[in-house]
Each structure stands twice: as structure tokens, then as C-alpha cells.
Amino acid sequence: KVEIKKEAEEELIQRIKQAIYKRKFKGISKRQSELIKRMIIKAFDNEWSVEKLKREIKDIARKMEIPEIENIIRTEQSAVYNTAREYSYRQTDPEGKKLYKWLGPDDTRTSAICKDIKAKTKNGMTLDELKKTINETAHKYNPEWEVRGMTPHPQCRHSFIRHYGED
């Protein structure tokens, strides 16, 4: 849940839908992709668990394996959360002057992309600079990946927060 003004709620919903609806998922039909996207939005609206969402998607895309479904769910959740977070920050920082940094777990599953983004943003940067850095860094490691907003790679566990100075 993101705290926003009521009049901005519809705009945020449209941004979230755009974050999900821009493409079809690899290996399944456009129709199945559209059904899965609707199911993801429904899951957010109804606060479904990942397990319930996996079952619903498996019913739609019977040929897909559970790891593929989990990949879609985690990636789309990241895209939605980061879209909502960016929107919320832009509401509180309309001039775009505040600084932000990339944050997330530091373990064996942390991608080289996210390690690189964290290093580049440790002193903070504006949202526009952050978005550009995410895009450039992701393309440096994988030129094929379609970076969507603040989601640099599939199953990304990282996000961004306001940077307030010294760590």
C-alpha cells in the first residue's frame, strides 16, 4: 500500500498497468499474457498471496512450469512496487532535487547489476539520474533485457530509498 492523495490514485493505477501491460511474456501467447497481467493486477487489488497467484496463473498457462510462473510474478511485483514507489516519491519531490539510492540484500543471489547500481548510487542521485543509471547499468550487463522503469532485471529484489547523507 502506498499513501497518496485520492485524486492521484487513478493516475497511479494507470502507471502500474502501463508498467505491466507493455509486452507479452516469452513462451506464451499474447492472449495468455493478457490474462496473466489481469490476474497480477487482480492479485494486488485483492492482496493475494504469491501461492494463490501461482495457482491462478497455472490455470491460465498450463504449459508453463512453476519456476517460469514464479519468475513472472516476482519480476512483475518488483515493477509494480517500484512504479508505485517512484510515483510516491515524485509526489513529494516535484522539483526532482532530492537524492535516492539503490538498496537491497547483499548475498550470494545479489546480481552484478544491482551491486554495480548500489556502488554508483551510494552517495545518492536524483530520481532521473537513478533511472538513467539503472537503464545504462542493466544494458551494460544484458543488452537484450528490456529495462522497465526501475526494474533492472528479472526477479530483482532491490528497490530505492531516499538518501539522507552519510551511511
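In the predicted model described here, the structure holds 2 aromatic pairs. In the pair formed by Tyr89 and Tyr100, the ring centres are 4.9 Å apart and the planes stand at 55°, so this pair is tilted. Tyr89 belongs to helix H4 (residues 66–92) and Tyr100 to strand S1 (residues 100–103), so the pair ties together parts separated by 11 residues in sequence. Tyr89 and Tyr100 are both buried.

The rings of Tyr89 and Phe160 also pair, with centres 5.8 Å apart and planes at 50°, so this pair is likewise tilted. Here helix H4, which carries Tyr89, is joined to strand S2, which carries Phe160, so the parts tied together are 71 residues apart in sequence. Tyr89 has a relative accessibility of 17% and counts as buried because the limit for that class is under 20%. Phe160 is buried as well, with a relative accessible area of 0%. Tyr89, Tyr100 and Phe160 together form one aromatic cluster.

The protein as a whole contains 6 helices and 2 strands. Read from the N terminus, the order of the elements is α-α-α-α-β-α-α-β. Of the 167 residues in the protein, 43% are buried. Among contacts between residues at least 6 apart in sequence, 63% join residues at least 24 apart. The accessible surface of the protein is about 10200 Å², and carbon and sulfur atoms account for 48% of this surface.

Backbone angles were also examined. Most residues other than glycine have a negative phi. Glu47, a residue other than glycine, has a positive phi near 55°. Glu47 lies in the loop between helix H2 (30–46) and helix H3 (50–60). With a relative accessible area of 57%, Glu47 is exposed, because the limit for that class is over 50%. Gln155 is not a glycine either, and its phi is positive at about 55°. The position of Gln155 is in the loop between helix H6 (127–141) and strand S2 (159–162). Gln155 counts as partly exposed, at 33% relative accessibility.

A further contact involves a charge and a ring. The charged end of Lys52 sits over the ring of Trp48, at 4.6 Å from the ring centre.

Terms used. Residues are numbered from 1 along each chain as its sequence is written. This is a predicted model: local features need pLDDT of at least 70, side-chain atom pairs count only at pLDDT 80 or more; totals for chains, interfaces and linings use all residues. Side-chain values use heavy atoms; hydrogens and water are left out. Helices (H or I, at least four residues) and strands (E, at least two) are DSSP runs, numbered from the N terminus. Buried means under 20% relative accessible area, exposed over 50%, partly exposed in between (1.4 Å probe, protein chains only). Contact means heavy atoms within 4.5 Å. Accessible areas come from the Shrake-Rupley method with a 1.4 Å probe; for residues, only the protein chains shown count as cover. Rings of Phe, Tyr and Trp (its six-membered ring) pair if their centres lie within 6.5 Å; planes under 30 degrees apart count as stacked, over 60 as edge-to-face and the rest as tilted. A charge sits over a ring if NZ of Lys or CZ of Arg is within 6 Å of the ring centre and within 35 degrees of the ring normal.
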